Amino acid sequence: MHKITVDFNETVGKIKPVHSMCCAPYSAPMGPRQKHIERFFKAGNIPFCRLHDCCGAYGGARFVDVPNIFRDFDADENDPANYDFHYTDEYITAIQKSGCEAYYRLGTTIEWGSKKYTSVPPCDFAKWARICEHIVMHYNEGWANGFHYNITYWEIWNEPENPGNEFGKSQWTGTKEEFYELYRITSKHLKQRFPKLKIGGYGGCGFYTLTRTDIPDSYNEFIPFFTDFLEYVKKNDCPLDFYSWHIYTSDINELAAHAKYARETLDKYGFEKTESHLNEWNIGTEGESFLLKHSATAAAFAAAVMCLLQNTDYVDMAMYYCFSYAGKYNGLLDQNDGSICPPWYSFEAFGELYGLGERIKTETDGEVYATAAKNGEDYAILAANYSSNDGEASVCFCGLGGEKTLSVSYIDDKRTLSEEMSCTVPSCGELKIKLPESTVALIRIR
């Protein structure tokens, strides 16, 4: 039997936004009435939505990407008439109205094809930075009939070290030195213009050589790209409010190892105050695990990952990739009929903890994952059994005074946060629950 111990007397910080998303579920026929975004993001209390690979292959041609908004690079970047914000306005406005905050990736969507349109380096890095400045102005300062959304996080590029395929690099066709220069020019320009914003990058591919041997040789360049970037940023005194990186794995220990490495490496190079953002993660990649992504196993994996990240100091923010309707990575909705799949409910459950706010000290035996939160006399505990054959758990309540009522709800192949039991907290301070493999439990105490 697994043991979960929750010490209600000891709070250990705030619940972190590790249940954030990439790609809000935009629906073209709805136009500005994006009810799907509002429905899901409010239900899940989703705090941030990263804008990358938005609304279709190659950026949907009209959304978010710098060359989609500023379509003629030779045009005057100071003239509002040269910007097309229409669909990005529609998209971001729905995100912001849902109570979520957009997390803006300044750059381009991945290009897998035989001709590259947007993954080539801009011909004038300083002008590109000024174009980015005007995008920020539109969404934060009202420029060009814009908004005052106070979007905090602005990410420069995505996966510039991505090796691509037989047709070449897919995100940045230039050299790494050229990318570092683009980052220097853009980050300094934006920070000088908007000192309160958080500027960072670069959506790194990850650190797979730490934990794998059966990988392409090109993956060996990912870590040197990262460490050389940190050296360059340090030497040139560039802003780096956050560093963002990715991992796709079904191994929670591998994810933890990469998260630990990212944090320790940032600290080693003198970036102790730089946030670490895992802003793409999933149990599988595009070409594999499609059915697994939609399963109760994936729901337990997602809950376990969020508990792990919450209970460690490695990551400040995490974003599931992704919630796009068309995305092959989307395990939250069935692509055939639009029905909700079990993994979504893990995010909705964690959203309840996020809404409570304060994290409570939680310990487990290492084979299951759990975390807990409180707000006044309201409490919630999230527990996940991803892969253990032991299907029972003992939950010990330490320091929970007074008579209180608890309920237990489950997520699995058949249950979607449905309440299974309700009782008074046992006087012995211990509750035994069923927690089979590929199952998530949410315990609410009022």
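**Close-up 1. Cys100 and its closest cysteine sulfur, in Cys49.** In this predicted model, the sulfur of Cys100 lies 5.4 Å from that of Cys49. A disulfide requires two cysteine sulfur atoms within 2.5 Å, so the distance between Cys100 and Cys49 is too far for a bond. The structure as a whole holds zero disulfides.

**Close-up 2. The hairpin of strands E11 and E12.** Strand E11 covers residues 369-375 and runs antiparallel to E12, with seven bridges joining the two. In one of these pairings, Ala372 has Ile381 of E12 as its bridge partner. Two residues lie between the strands of the hairpin, and Gly376 takes a positive phi near 65° there.

**Close-up 3. Strand E12 beside strand E17.** Strand E12, made up of residues 378-385, is mostly covered, with seven of its eight residues buried. Besides its pairing with E11, E12 pairs with strand E17 (residues 439-445). The E12 and E17 pairing is antiparallel and extends over seven bridges. Asn385 stands opposite Thr439 in E17.

How values were computed
Residues numbered from 1 in each chain as written. Predicted model: local features only at pLDDT ≥ 70, side-chain atom pairs only at ≥ 80, totals over all residues. Heavy atoms only, no water. Buried < 20%, exposed > 50% of the residue type's maximum accessible area, 1.4 Å probe, protein only. Helix = DSSP H or I, 4+ residues; strand = E, 2+ residues; numbered from the N terminus. Pairing = 2+ DSSP bridges.
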